[in-house]
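This briefing covers the nonpolar core and the salt bridges of one structure. Please consult the sequence and coordinates shown below.

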Amino acid sequence: CGTELVACLLVTEISSPLLHLREMLKELGVKDTDLNLLVDILFAVTFSVARMVCGTYVTYRTVTADNPILIKTMATSLLLVSAYWFLRILRMVRHKIGKKRLASKAAGKGSM
């Protein structure tokens with residue numbers, strides 16, 4: 001099951017640089033900017049594709065292969081945790097995009 005474990009590490013860590021960049025932008029005070037929104041969306045897309053598409057495939061291959069039950073349980077558990085965070089990230093992106101739309105509508109009304 002070494003191949004599955006290496007694939008799992010790759011899939012779970014591919015979005016980490018963008019996650020850390022998000023935190024660095026917050027620390028630098030660049031929270032409600034277009035750059036921050038772009039990084040948030042890139043993080044959400046990377047996380048979603050890696051964990052929900054590739055992760056589902058890796059989990060399927062792990063569960064259907066001749067692996068110990070502990071490995072199969074861990075793969076399934078990781079997919080469930082990823083699904084939880086996927087839903088949280090979707091809500092975060094929806095909130096940020098909605099907030100951005102409200103700000104641009106308010107700016108448009110102020111110029112009339």
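With which residue does D40 form a salt bridge? The partner of D40 is R22, and their closest N and O atoms are 2.4 Å apart; a salt bridge here is a side-chain nitrogen of Lys or Arg within 4 Å of a carboxyl oxygen of Asp or Glu. This is a predicted model, in which local features need pLDDT of at least 70, side-chain atom pairs count only at pLDDT 80 or more, and totals for chains, interfaces and linings use all residues. Residues are numbered from 1 along each chain as its sequence is written, and side-chain values use heavy atoms, with hydrogens and water left out.

**Salt bridges**

- By this rule there are five salt bridges.
- R22, D40 and K96 belong to a network of salt bridges.
- D40 is buried at 1% relative accessible area, and R22 is buried at 9% (buried means under 20% relative accessible area, exposed over 50%, partly exposed in between; 1.4 Å probe, protein chains only).
- D34 pairs with K100, the closest N and O atoms lying 2.5 Å apart.
- D34 is in helix α3 and K100 in helix α4, so this bridge ties together parts 66 residues apart in sequence (helices are DSSP runs of H or I, at least four residues, numbered from the N terminus).

**Nonpolar core**

- The largest nonpolar core has nine residues, among them L18, F43 and I89 (a set of buried Ala, Val, Leu, Ile, Met, Phe, Trp, Tyr and Cys residues joined through side-chain atoms within 4.5 Å).
- Helix α3 contributes the most to this core, with four residues.

How values were computed: Helices (H or I, at least four residues) and strands (E, at least two) are DSSP runs, numbered from the N terminus.
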